[in-house]
Amino acid sequence: MPNLNALVNGTNIMWHLSASGGTGSPTPPSISSNSAGTLTFWVSQLRNNCESPRVPISFTIAPQPTPPVVSNLAPICQGETIPEWASLVNGSNLLWYTTESGGTGTANPPIARTSSPGNYHLWVSQSENNCESPRVKVSYTVMAAPSVPVVADIPPLCSGDATPNLVEFVSGSNLTWYSSDTVLTGSLSLPVINTNEAGNYSFWVSQSDNNCESPRTPLNLAILPSPAEPNLADIPALCVGDPAPMLTQFVSGTNLQWYEAPSSQVGSDTTPVIETTLARSYQFWVSQSLNSCEGPKTPIEAVSYTHLTLPTKRIV
């Protein structure tokens, strides 16, 4: 409260509770600020034991503002940005504090840290007519971010292979998929993979817990090109009894696989043997492999013919 004597210019000041009557006092009356309103006192001065007329002096005690209204703040995930405090507090001329009492308030709210999980508190008041309200607590909770999902290596695929189920290579819950490490929006759906196009592909995946998302981790996929058909040379016609040729002499390729039919699923790296003891035709299918990727099958054919008998001369 103000020093009332400092507000009056005079000598031998006398204080009164009314404009007339009563007994004055050199001691200023006590003022309680517990109730708002206007208080009036009267003051006079003495000189040579003669008292001057009394003059009024009034004081207005403004009502203390109510605390500002604070909206509840949903839990924040570790590393996220807290919304603007002004959007959460309804009040005017706000003052922010880091303690419930004491200290000096600031018009700018303290920087809210979300790098570490935990419960945090700030206090805020509002002012009106130079009167400050009680402080009200603003609390927020920082939830721990889950760890990144565990990713296993995907074996290289060959062009045309069946699309792998990426979930089989990721250990985590509530997965979100991204096309890059910086794109803002992810998807709960698995990425679409075209295995007909060879190349190196990367996806990023995160997991969520309690509505908090983990950092992303990459998942890499290599689709290797399938080799072309092996090059074939024509096998000359064979005669019954001719030495059987090695079919590999007529095939240019690597890591050959031999098949008895184009629909056969299992091949052999053993070259088929041609029997020339009988007249017949042979047909096999052969493919080549590169980097464990097999190319298309191509047919190879060999034919053995019966010897023609010499013409006989008829004796007439």
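This note reviews the aromatic contacts in a predicted model.

1. Aromatic pairs overall. A pair of aromatic rings is described by the distance of the centres and the angle of the planes. The model has 5 aromatic pairs.

2. Tyr-120 and Tyr-140. The ring centres of Tyr-120 and Tyr-140 are 5.3 Å apart and their planes meet at 20°, so the two rings are stacked; the cut-off for stacking is under 30 degrees.

3. Tyr-282 and Phe-284. Here the planes lie at 15° and the centres 6.3 Å apart, so this pair is also stacked. Tyr-282 is buried, with a relative accessible area of 8%. Phe-284 likewise counts as buried, at 13% relative accessibility.

4. The aromatic cluster. Tyr-120 and Tyr-140 are members of one aromatic cluster, together with Trp-85 and Trp-96.

5. Charges over rings. The charged end of Arg-280 is placed over the ring of Tyr-282, 3.9 Å from the ring centre. Tyr-282 thus has a stacked partner in Phe-284 and a charged group over its ring from Arg-280. A further case is Lys-297, which lies over the face of Tyr-259 at 4.2 Å from the ring centre.

Notes. Residues numbered from 1 in each chain as written. Predicted model: local features only at pLDDT ≥ 70, side-chain atom pairs only at ≥ 80, totals over all residues. Heavy atoms only, no water. Phe/Tyr/Trp six-rings, centres within 6.5 Å; stacked < 30°, edge-to-face > 60°. Buried < 20%, exposed > 50% of the residue type's maximum accessible area, 1.4 Å probe, protein only. Lys NZ or Arg CZ within 6 Å of the ring centre and 35° of its normal.
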